Amino acid sequence: MAQKYYTPHKKPPLTKEEIKERYKDIQEELQEVLKWKEEEEAKLKDDKLSPQKKGAVKRALKKIKRRIDTVQGQIIYWKLRVKGENHFKASLEKNEYWASCNEKAEAEKMKKEEAELPNLLKKNL
């Protein structure tokens with residue numbers, strides 16, 4: 001039995017119409033996420049909110065921020081695909097955007113930890 005060295009694609013490539021449809025879908029998803037963010041921010045402004053619910057809203061806002069970055073990366077990908085770029089190049093651009101988002105998040109985390117460091121030292125003294 002001869003061994004196969006090449007396996008064909010399991011799915012055919014996307015058509016231009018399918019690419020445009022996915023680009024439109026991801027833009028709609030961004031609008032949904034932004035609406036979710038507005039709802040959570042409105043909850044946070046409520047004075048009658050219990051501490052547990054405030055904590056839940058703050059955690060949700062962190063998830064929303066991450067989701068916005070994810071959707072923005074997808075928008076970059078599909079925008080490049082609509083312009084005619086191939087999957088490989090569009091994925092590189094998307095991954096570079098996500099890496100920059102992760103670097104910003106790490107920098108903010110380090111800055112926050114450095115700001116809290118003097119308070120920790122005061123507590124120990």
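A search of the whole structure turns up 1 aromatic pair. The rings belong to Tyr77 and Trp78; their centres are 4.8 Å apart and their planes stand at 85 degrees, so the pair is edge-to-face. For the cut-offs, rings of Phe, Tyr and Trp (its six-membered ring) pair if their centres lie within 6.5 Å, with planes under 30 degrees apart called stacked, over 60 edge-to-face and the rest tilted.

Before I go on, this is a predicted model, where local features need pLDDT of at least 70, side-chain atom pairs count only at pLDDT 80 or more, and totals for chains, interfaces and linings use all residues. Residues are numbered from 1 along each chain as its sequence is written, and side-chain values use heavy atoms, with hydrogens and water left out.

Buried means under 20%, exposed over 50%, partly exposed in between (1.4 Å probe, protein chains only).

Now the charges. Lys54, Lys58, Arg59, Lys62, Lys63 and Lys112 form a positive patch on the surface. Patch residues have over 30% relative accessible area and no salt bridge, and like charges are joined within 9 Å; a salt bridge is a side-chain nitrogen of Lys or Arg within 4 Å of a carboxyl oxygen of Asp or Glu. Which helix gives the most to the positive patch? Helix α2, residues 51-83, with 5 residues. Helices are DSSP runs (H or I, at least four residues). Lys62 sits in helix α2 and is exposed at 62%.

The negative patch consists of Glu21, Asp25, Glu28 and Glu32. Glu28 lies in helix α1, residues 16-44, and is partly exposed at 40%.

Notes
Patches are made of residues with over 30% relative accessible area and no salt bridge: like charges are joined within 9 Å, nonpolar side chains (Val, Leu, Ile, Met, Phe, Trp, Tyr) within 5 Å. Accessible areas come from the Shrake-Rupley method with a 1.4 Å probe; for residues, only the protein chains shown count as cover. Lys and Arg count as positive and Asp and Glu as negative; His and the chain ends are not counted. The place of a charge is taken as NZ of Lys, CZ of Arg, CG of Asp or CD of Glu. Helices (H or I, at least four residues) and strands (E, at least two) are DSSP runs, numbered from the N terminus.
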